[in-house]
Amino acid sequence: MSAAPGRMEQSFRDRRAAGRKLLVPYITGGLPGWQDALRAAVAAGADAIEIGIPFSDPVMDGPVIQEASQRALDAGATPVSILHEARELDVEVPLAVMLYYNTVHHAGHHRFAEQLASAGIVAAIVPDLPLEEAGPWCEAADASSIETVMLAAPTAPDERLPRVCARARGFVYSVGLLGVTGERSALASTATTLAGRLKAITDVPVLVGVGVSNAAQAREAVQVADGVVQGASVVRRLLEAGADAVGEYVAEVRAAIDADI
Amino acid sequence: MTLMAEPSATGRFGEFGGRFVPETLVPACQELEAAFRDAWADPVFRQEYRDILRDYAGRPSILTECHNLGRRLGIRLVMKREDLNHTGSHKINNVLGQALLAKRMGKTRLVAETGAGQHGVASATAAALMGLECKVYMGAVDVARQELNVFRMRLMGSEVEAVQSGSRTLKDAVNEAMRDWVATVGNTHYCLGSVMGPHPYPWMVREFHRVIGDEAREQMSTSFGGDPDVVVACVGGGSNAMGIFSGFVDTGARLVGVEPAGGAAVGRGVPGVVHGMRSYLMQDEYGQVQEAHSISAGLDYPGVGPEHSYLASIGRAEYPAVTDAEVIDAFQLLSRTEGIIPALEPAHALAWIVREAPTMQGATVLMNLSGRGDKDVAQMMEILR
């Protein structure tokens, strides 16, 4: 298929081989207190962090992350300022960014990939860049050793999933439900179904995100998947209660997914 | 390449267009593309569409020569009267096509975005007619300035949600409609209101509006001795302009799409990607999409349909801008001289004609009067008070 795994994928594969389930909290970059929240999440057992780069028109995000993005933008956050702040973080786990494609397109593919690399970012998730449109970015990202995480959706027919997995670097982001980011009262049945379909065809780590809303749902998801991404549930705590609450929550999820079945 | 034909396999018009949507929506866009391609090649569907345009929307729309205003401006001024369609604008052409297609695809629910409310009203109309559930997203700012249209939609049984995010205008209504569609894609068709969005929408919506240009070409030939020298339409997303341009793109006519000064995507934007497409887009130095500001809710959009970007990039069409003040004057001018109250959107097209008439003396100018002004009367009453 391709070159050796990148830093994040290798780290995930190693941890998975050691029997660990993977936990990736999402934190909106530029939101007041975001760096403290990120360090708290790492200290509480995150395996990597997804840093959101806020965009004016976040079509894959529900109300919580929309609000966080807007607050960060209102506070003056830009891709450049967030990457500058990311450089100062000095944490041990791999850092990914989640951003919308126009941020990349506007800066230029190669230039942006280099900006990520020089800020110490190892991976990128671009939710509005599907497989058919991803070529130019992926090429630039590969050249700068940025792992492009591909999303797989519950609506994908069987023939599509192997192509998504073949292009995925870092991990495959298994979208948990039909809908945008946000907390739900129960884990959708689509979450484990899709994760199972992906696990059957790839050895790239499979993480479930979108609609994994609490420790119990994370535990349910990792019965099938290699790990979870936790977005709105983390960001809501940062918005409402600050960095310490993020650390406590990540520790709670960590304990839940580590517990013996 | 033949202009205004089918886009490339990836939905490109030159470098513009494409399908930049979340993975969840890729199969839906593919399914829609296949369904539209199939339907558009099916004589039965085409006949059904023609019949409903004639018997329900009231097509063909007439051409009206504006003798009084034309004399005053020193031009021959002809209007394509899309304002006389059922629901009061050109929007009904696209909506009836998409609603028929949605039914053919077995969808039971429509979602739509709306700016001024014309597309929302048209969607609510088609949904009522065809027994589909319908939810319309409308920016909270627009809900306030277009409350009559909100009432119309609700009267016809549609749900209207005021969108509170971002700039609370058309672009945010599009975001919210897309979020709805991501969650409901199984039973829902996104009835997008302009020649924008991911492939196949820019192509499909243009084809549904092609009837405007086809009729006008024939009517010009029959009643006005041939093709016009200039074809003018307003451009927000650009559907009414695409409709009338499609009839004349292969003639020598000058094609003019008029943008609002506060939402001049072609005039002031650079290529960007939002709402599923690569096109000219008003954005800041980091690629954040900027808010459009115009007197007309229907043109308050920072992007533009990708085929307009293409026509601009190859120089086949031009995209000047007019100010709100020029639009207010044009709105009153047409009302006084011709007894026709235009919507604020086509008043942009007229404002450009008034400004440029001295350079077009003796020319035949065809303008798409894309909608009637009833919806804007309350707002204009405040402005002119």
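The score called pLDDT is the predictor's confidence in each residue, on a scale from 0 to 100. Chain B averages a pLDDT of 96, and 100% of its residues score at least 70. The model as a whole scores ipTM 0.96 and pTM 0.96. What you see is a predicted model, in which local features need pLDDT of at least 70 and side-chain atom pairs count only at pLDDT 80 or more, while totals for chains, interfaces and linings use all residues. Residues are numbered from 1 along each chain as its sequence is written, and chains are lettered from A and ligands numbered from 1 in the order in which they are written.

Let's turn to chain A. It holds 12 helices and 8 strands; helices (H or I, at least four residues) and strands (E, at least two) are DSSP runs, numbered from the N terminus. A compact globule of 261 residues would have a radius of gyration near 18 Å, and chain A, with 16 Å, agrees with that. This radius is taken over C-alpha atoms, and the globule rule is 2.2 Å times the number of residues to the power 0.38.

Now look for the barrel. In chain A, 8 strands close into it in the order β1-β2-β3-β4-β5-β6-β7-β8, with parallel pairing. From one strand to the next, the twist averages 25°, where axes are lines fitted to C-alpha atoms (for helices, over the stretch in contact) and angles run from 0 to 180 degrees between N-to-C directions. Helix α2 (residues 34-43) of chain A packs on the sheet and touches β1 (22-28) and β2 (49-52) of chain A; the direction of α2 makes about 170° with that of β1(A). Two residues are in contact if their C-beta atoms, placed from the backbone, lie within 7 Å.

Finally, find helix α4 (residues 79-87) of chain A, where A:Pro79, A:Ile82, A:Leu83 and A:Ala86 are buried. These four lie on the same side of α4(A) because they cover an arc of only 95° around the axis, judged by the directions from the helix axis to the C-beta atoms. On the other side of α4(A), A:His84 and A:Arg87 are exposed. The buried residues of α4(A) pack against β2, β3, α5 (101-107) and α6 (109-118) of chain A.

Methods. Pairing = 2+ DSSP bridges. Buried ≥ 20, exposed ≤ 12 C-beta atoms within 10 Å, placed from the backbone.
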